[in-house]
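Subject: Structure handover

Hello,

Here is the structure we talked about. Please open it beside this email and follow along.

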Amino acid sequence: MDELIDILDSEGKPTGKTAMKSEAHRKGWFHPTVHIWLYTANGRLLLQQRARTKDIHPLLWDVSVAGHIGAGEAIEISAIREIQEEIGLTVPQEALEKIGVFKSMQKPSDELMDYEFHHTFLCELKEPLHHLKKQESEVEDLKLISLIQFSQETWGLANLGKYVPHSIEYYKTVIKEIKKRL
């Protein structure tokens with residue numbers, strides 16, 4: 001789904017320009033996104049398998065919820081909207097804990113440059129997995145795995161074909177921040 005998004009400079013600062021997401025990806029323009037990692041009190045992490053129809057990293061496992069921030073949309077409002085859309089869960093803004101902003105530059109092909117700043121949040125998942133309702137157009141599957149297993153599989157990048165290739169530093173930060181809350 002195409003949408004109007006804000007364009008950022010290479011340092012993540014607003015340029016005052018907007019463009020359709022497809023144009024930003026075609027031209028390699030930086031833009032803001034939200035990433036929300038949902039974890040349980042007993043140390044499990046919700047992972048999303050990207051839909052098979054996605055242009056970027058189809059069928060790979062990724063962050064619990066992610067999405068583009070609409071042009072002029074507040075970051076936290078975007079995060080709440082994406083959680084509702086992708087997994088059918090309503091969370092209050094105060095349940096979100098921002099852990100950082102991460103620059104990401106991925107170029108899956110010559111025609112597709114995904115240059116983003118991920119505004120990254122943690123949120124405790126208090127609902128059972130079977131209560132979640134995945135958005136079929138975005139999400140192939142959802143699962144809970146132990147934080148230990150996730151750490152082993154991402155820190156060493158042992159499963160490059162299983163997970164979206166975020167940086168090791170990104171994965172380490174997410175894991176360390178969740179551990180602090182357990």
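This is a predicted model: local features need pLDDT of at least 70, side-chain atom pairs count only at pLDDT 80 or more; totals for chains, interfaces and linings use all residues.

Residues are numbered from 1 along each chain as its sequence is written, and side-chain values use heavy atoms, with hydrogens and water left out.

**Terms**

- Helices (H or I, at least four residues) and strands (E, at least two) are DSSP runs, numbered from the N terminus.
- Buried means under 20% relative accessible area, exposed means over 50%, and partly exposed is in between (1.4 Å probe, protein chains only).
- Contact means heavy atoms within 4.5 Å.
- A polar contact is a pair of N or O atoms within 3.5 Å; within protein, one must be able to donate a hydrogen and the other to accept it, and residues adjacent in sequence count only if both atoms are side-chain atoms.

**The pocket**

The largest pocket has a volume of about 760 Å³. A pocket is an open set of points on a 1 Å grid over the protein atoms alone, where a 1.4 Å probe fits, with protein on both sides within 12 Å along at least five of seven lines; lining residues have an atom within 4 Å of a point. The volume is the space filled by probe spheres set on the points, which are joined across faces, edges and corners.

Which residues sit closest to the centre of the largest pocket? Of the 39 lining residues, they are Lys 21, Arg 50, Lys 54, His 68 and Glu 138. Elements that give two or more residues to the lining include α1 (21-27), α2 (75-87) and β6 (65-68). The lining divides into 8 nonpolar, 15 polar and 16 charged residues. Here Ala, Val, Leu, Ile, Met, Phe, Trp, Tyr, Cys and Pro count as nonpolar, Asp, Glu, Lys and Arg as charged, and the others, Gly among them, as polar.

**Helix α4**

Helix α4 covers residues 168-181, and its 14 residues should span 20 Å at 1.5 Å a residue. The expected span is 1.5 Å times one less than the number of residues. The end C-alpha atoms of α4 are 20 Å apart, which agrees.

Buried residues of α4 include Tyr 170, Val 174 and Ile 178. The buried residues of α4 pack against β3, β4, β7, β8 and α3 (147-155). An α-helix has 3.6 residues a turn, so residues three or four places apart point the same way.

Take Ile 178, which is found in α4. Ile 178 is buried, with a relative accessible area of 1%. Beyond its neighbours within four places in sequence, Ile 178 is in contact with Tyr 39, Leu 45, Leu 122 and Leu 147. Ile 178 and Leu 38 are 140 residues apart in sequence, yet 9.2 Å apart in space, C-alpha to C-alpha.

**Helix α3**

In α3, Leu 147, Phe 150, Ser 151, Glu 153 and Thr 154 are buried. Their cover includes β3, β4, β9 (139-146) and α4. Ser 151 has a relative accessible area of 11%. A polar atom of its side chain lies 2.8 Å from the backbone oxygen of Leu 147.

**Two buried strand residues**

Gln 48 lies in strand β4. At 5% relative accessibility, Gln 48 counts as buried. Its side chain has a polar contact of 2.8 Å with the side chain of Glu 86. A polar atom of the Gln 48 side chain also lies 2.9 Å from the backbone oxygen of Ser 64.

Thr 120 is found in strand β8. Thr 120 is buried, with a relative accessible area of 0%. The Thr 120 side chain reaches the backbone oxygen of His 118 at 3.1 Å. Not counting residues up to four places away in sequence, Thr 120 touches Tyr 170 and Val 174, among others.

**Loops**

Thr 40 is in the loop between β3 and β4. Is Thr 40 buried or exposed? At 10% relative accessibility, Thr 40 counts as buried. Its side chain makes a polar contact with the side chain of Asn 42 (2.4 Å).

Leu 59 lies in the loop between β4 and β5. Leu 59 is partly exposed, at 31%. Phi of Leu 59 is near 65°, a positive value in a residue other than glycine. Most residues other than glycine have a negative phi.

Best wishes
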